[in-house]
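Please read it alongside the sequence and the coordinates shown here.

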Amino acid sequence: MVLKCIECGREYPEDELRYRCECGGLLEVVTELDKAEDVFDGKNITLWKYESWLPVEKRVSLNEGGTPLYRLKNLGEELGAPKLYAKNEGNNPTGSFKDRGMTVGVSKALELGMDKVICASTGNTSASLAAYAAKAGIKAYVLVPSGKIALGKLAQAMIYGAQVVPVSGNFDDALRVVVKASGELGVYMLNSINPFRLEGQKTIALEIYDQLGFVPDNVLLPVGNAGNISAIWKGFKELKEAGITDELPRMIGIQAEGAAPLASAWKEGKPFKPVEKPETVATAIRIGNPANWPKAWRAVKESGGTLEMVSDEEILRAQELLASKEGLFVEPASATSLAGLIKLLESGEIGSDESYVLITTGHGLKDPNIVVERFTLPEPIEPTLEAFKEVMK
Ligand SMILES: Cc1ncc(COP(=O)(O)O)c(C=O)c1O
Ligand SMILES: [Zn+2]
């Protein structure tokens, strides 16, 4: 197995410690598809069911993957898009899809003999890396934008024992430090430019196919640093290349309006340009310079998909809809999938009779403040039946 540059095609051995090509291009793992087994029987789904598709031998696991794929009947009827599903990644061990990347990435760190790992994070990556480093018994440094990470994620990173380093600046600033530190200080970087992380995350595609028994017409998901959309597309492409299925989905990436460098370039037909001061209520995707943008751009283009942006108001409305109509409590970033679907259905850019899988990337409990700040509780009542009868009126 080798690492290959997506720009110039140069190959590197898998045990060479590097994150980018000499030319600066992003690297991807070339999967040995002749060894990838057809295990798609819809049963006993966990991430490690797909071990033969993954580039690691060791296994640092907290039982990730195997997340539920819900049919969203209520919302599907309401929106006139009956074939609507959600793959709920909040059900992973630390409450987000990042666990898929970290089980593979931290396993790789051990294989490479690394005993220190590092990441920049809008929150979920730090929570996940902290947990897997704890399990592996290695040291984790996590750099987060000071004051801009959701409470639950911060609590997770702290209790799992990572060294949490707040940075004055945003995610993009923190990532710049991490890239330098990994180059000069001998710490293994587990941001999503690490191609092994994306190998773990491609299992979302394998699971969707395993659970549905077919490839959906469209997959919608939030785009921040743009790793996940690239990873899921790679998973679907490999299913096709391995001869498991002939179908491919359209990849539809959704960004928040205040942090939408990819969606705005796409819609305006202009070259990619970073956003200097990204801002959105969806802190997980408050990213102005997505490191994986060339991979994501290709995923959308090759798949015939699209990129869209939604307002904070649309995101919070979609978050409420998922919770109140389907019993699914997701964090704001995850609700962009539904907000984007609603927008694209309304504009007529997509048709309602196709199948749609929303990737709900992280659990709602990660960011409780966003909810309790929006809703007001009434004054307390006297502890009597009479008082409660008044309420029921
Ligand atoms: C909940 C959630 N959704 C979406 C994303 C964006 O994923 P990516 O950075 O791979 O585009 C993140 C990344 O931090 C996240 O935490
Ligand atoms: Zn190259």
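The model is predicted, and helix 7 (residues 203–212) packs with helix 8 in it at an angle of about 55 degrees, so that the two are oblique to each other.

**Domains**

- The chain is divided into domain 1 (1–30), domain 2, which is made of 69–95 and 197–372, and domain 3 (96–193).
- Between the C-alpha centres of domain 1 and domain 2 there is a separation of 27 Å.

**Surroundings of ligand 1**

- Ligand 1 is surrounded by 19 residues, the closest of which are Gly224, Asn225, Ala284, Thr361 and Gly362.
- Two or more residues of this shell come from each of helix 3, helix 8 (227–241) and helix 12 (332–347).
- Sorted by class, the shell around ligand 1 holds 12 polar residues, six nonpolar residues and one charged residue.
- Because domain 2 and domain 3 both contribute residues to the shell, ligand 1 lies between them.

**Helix 7 with helix 8**

- The axes of helix 7 and helix 8 run 6 Å apart.
- On the side of helix 7 the contact is formed by Thr203, Ile204, Ala205, Leu206 and Tyr209, which meet Ile232, Gly235, Phe236 and Leu239 in helix 8.
- By class, this contact of helix 7 with helix 8 has seven nonpolar and two polar residues, and no charged residues.

**Helix 2 with helix 3**

- Helix 2 (residues 98–111) packs with helix 3 (residues 124–136) at an angle of about 40 degrees, and their axes are 9 Å apart.
- That angle makes helix 2 oblique to helix 3, and the crossing of the two helices is right-handed.
- Lys98, Asp99, Met102, Thr103, Val106 and Leu110 in helix 2 are in contact with Asn124, Thr125, Ser128, Leu129, Tyr132, Ala133 and Ala136 in helix 3.
- The residues of this contact of helix 2 with helix 3 comprise seven nonpolar, four polar and two charged ones.

**Helix 11 with helix 12**

- For helix 11 (residues 312–326) and helix 12, the packing angle is about 95 degrees and the axes are 7 Å apart, and the two helices are therefore roughly perpendicular to each other.
- From helix 11, the residues Glu314, Ile315, Leu316, Ala318, Gln319, Leu321 and Leu322 meet Pro332, Ala335, Thr336, Leu338, Ala339, Ile342 and Lys343 from helix 12.
- In this contact of helix 11 with helix 12, 10 residues are nonpolar, two are polar and two are charged.

Conventions:
Residues are numbered from 1 along each chain as its sequence is written. Chains are lettered from A and ligands numbered from 1 in the order in which they are written. This is a predicted model: local features need pLDDT of at least 70, side-chain atom pairs count only at pLDDT 80 or more; totals for chains, interfaces and linings use all residues. Axes are lines fitted to C-alpha atoms, for helices over the stretch in contact, and angles run from 0 to 180 degrees between N-to-C directions. Helices (H or I, at least four residues) and strands (E, at least two) are DSSP runs, numbered from the N terminus. Angles under 35 degrees count as roughly parallel, over 145 as roughly antiparallel, 65 to 115 as roughly perpendicular and the rest as oblique. A crossing is left-handed if the near helix is turned anticlockwise from the far one by less than a right angle, and right-handed if clockwise. Two residues are in contact if their C-beta atoms, placed from the backbone, lie within 7 Å. Ala, Val, Leu, Ile, Met, Phe, Trp, Tyr, Cys and Pro count as nonpolar, Asp, Glu, Lys and Arg as charged, and the others, Gly among them, as polar. A residue is near a molecule or strand if its C-beta atom, placed from the backbone, lies within 6 Å of it. Domain bounds come from an automatic or database domain assignment.
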